Amino acid sequence: MGWLELVLKKNGMVQKFINTSLICLGCVCLTACVNDWEQQNLDSVVIEPVMDGKVIVDYTLGELTGRSFSESLSPEYRISSLTYLLYQDGQFVKMRSISDINKNTQWPLTRDNMTWAQRQELKDTLSFDLEEDMNVYPQYTAIFIANCPLQDESGKEVENPLLKYKGANGEYLSLDQIYLMLPSDGFKDNTMFYWASQDIPSTETPNRDEPYNCSINLQRVVSRLDIGRKEPKLKTIATSLTNELLDDNKGVVQQNVSQSISEFAEKVQEQYNKLTDKEKYSSIIGSLVDWIKKEMCSSVIESIINPKLSDALLTDFNNSNIVKLRVSSWNEFSSVKTVFSQAANIFYINNKTFGYDQNVPLVSSSELNADGSMTAIAFGNINEEQPNVIQSITLTKEDGTTLELTDLNCSVEQGGNTIVCLECNPFEKIELQDNASLDKDFQINLDFADLLNAFKEGSELKDDILRDLIIPVIDNNDSSELVLSVKYPDVEDCKIIATLNVSE
């Protein structure tokens, strides 16, 4: 772990803290994704003030570690700016931008490799005189913010900085009021927020040869979502849609087929009524018509139409541009955007909680990864009752073609500085739209010479039934095969459902 050392000096002489168990007062390092921020163990620190009330503080920064969009990105490419703020009893005292933080910065940043400007800017003088009428010593809090510049290179304050530390009239906000805001253009590797907050206790006369240091962690504020892609199973989806289309209660294909076969059965009844010699079939005509409408119809749907419809849908899937886009590898896309319907967009520095401000953009940062997955960066949950909710993911190709995965409604429980893994199936299933039209069709041949074998009551009259009742109705050159057109919806008009869930 890197260190940011704090050395206290009085009148040019290095002083020693009373509490020798304290090792460091201001170490700044980047931590990897953990479940939450690490807590500073300073509860037992009790340090008396120096005699003349003046304390000089020297800071140094150490090794930086932590995850970014690019796993192996070194610290100088992840930290683009560093700002130091000091608060006394919760009120603003000063703000200072640390110079020369760029791609040439050497990490760890020690006194040996600091620039002259950094040596001066990472030094501060604090007063620990008793506060009038209160008989207490002032409480200082040092704040470090990375990648959120408050001043430009000329020293002029940045307009509308992402750290809200001033009010509408330019007044400085208290420590409890200041907060970070999500950027309107999202995060990049060198703009993710890192933060540290450290109370500085009062001290007594130390020893020059034994300076004290106290470590704190400069921890990443934002959290990371890694979203993997689940390969859709088109054959399973085609079978599922087939079952829906043939459902007894609501299947549009089932209704269409049943109606066609029922109409054929009624024609068989009409043909019987035309016969001059009805006696031969009088005992079975009712059973024959019912059998055609029910048992034969169910058998035809299950054994003939079902597999043919499933194959037809699978062929349509493979030929559909919409489906092809859905099942495309995410490596074929050049950019991605993740939209939250509910999420935090501000982070309160002092109490380490997230919140929402309607005047602040609710924008996440998303990147496609080389392995075909994607990563999104956002703040943590506002609270347990208000988790982050991902509404949609939009992927875009170089030619402008977009794939929109909508209505995801995935709730994600996130703390600060955490990582959560999700799995997205861009084509979980397909559903019929309301009032879907049957624009596609295929034909099947129903050979009654075979089908009538299942009509047991008329087994002895099979040939006669074919000749007198079935073939005349078919009216197809004395053929016993009924050609049936099966109509079904175009997959282009169906609703494709994507899902997003926390990985198990």
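Guide: Start at Leu288: beyond its neighbours within four places in sequence, this residue is in contact with Val268, Leu452, Phe455, Ile465 and Leu469. Bear in mind that this is a predicted model. Leu288 belongs to the largest nonpolar core, which has 54 residues, and along with Ile292, Phe317 and Phe448 touches the most other members. Who supplies that core? At least two residues each come from helices H2 (234–245), H3 (252–274), H4 (285–319), H6 (448–451) and H7, and from strands S23 (419–431), S24 (440–447) and S25. H4 gives the most, with 14 residues.

Now follow one of the contributing strands, S23. On one side of the pairing list is S14 (residues 223–229), which runs parallel to S23 over six bridges; here Ile227 has Leu422 of S23 as its bridge partner. S23 also pairs with S26 (residues 495–502), this time antiparallel and over seven bridges. Leu422 turns up again there, with Val502 of S26 as its bridge partner.

Last stop is the loop between H7 (462–474) and S25 (481–488), where you'll find Ser479. A polar atom of the Ser479 side chain lies 3.0 Å from the backbone nitrogen of Glu481. Setting aside residues up to four places away in sequence, Ser479 touches Ile471 and Ile474.

Definitions and conventions:
Residues numbered from 1 in each chain as written. Predicted model: local features only at pLDDT ≥ 70, side-chain atom pairs only at ≥ 80, totals over all residues. Heavy atoms only, no water. Helix = DSSP H or I, 4+ residues; strand = E, 2+ residues; numbered from the N terminus. Polar contact = N/O pair within 3.5 Å; in protein donor to acceptor, adjacent residues only side chain to side chain. Contact = heavy atoms within 4.5 Å. Core = buried A, V, L, I, M, F, W, Y, C linked by side-chain atoms within 4.5 Å. Buried < 20%, exposed > 50% of the residue type's maximum accessible area, 1.4 Å probe, protein only. Pairing = 2+ DSSP bridges.
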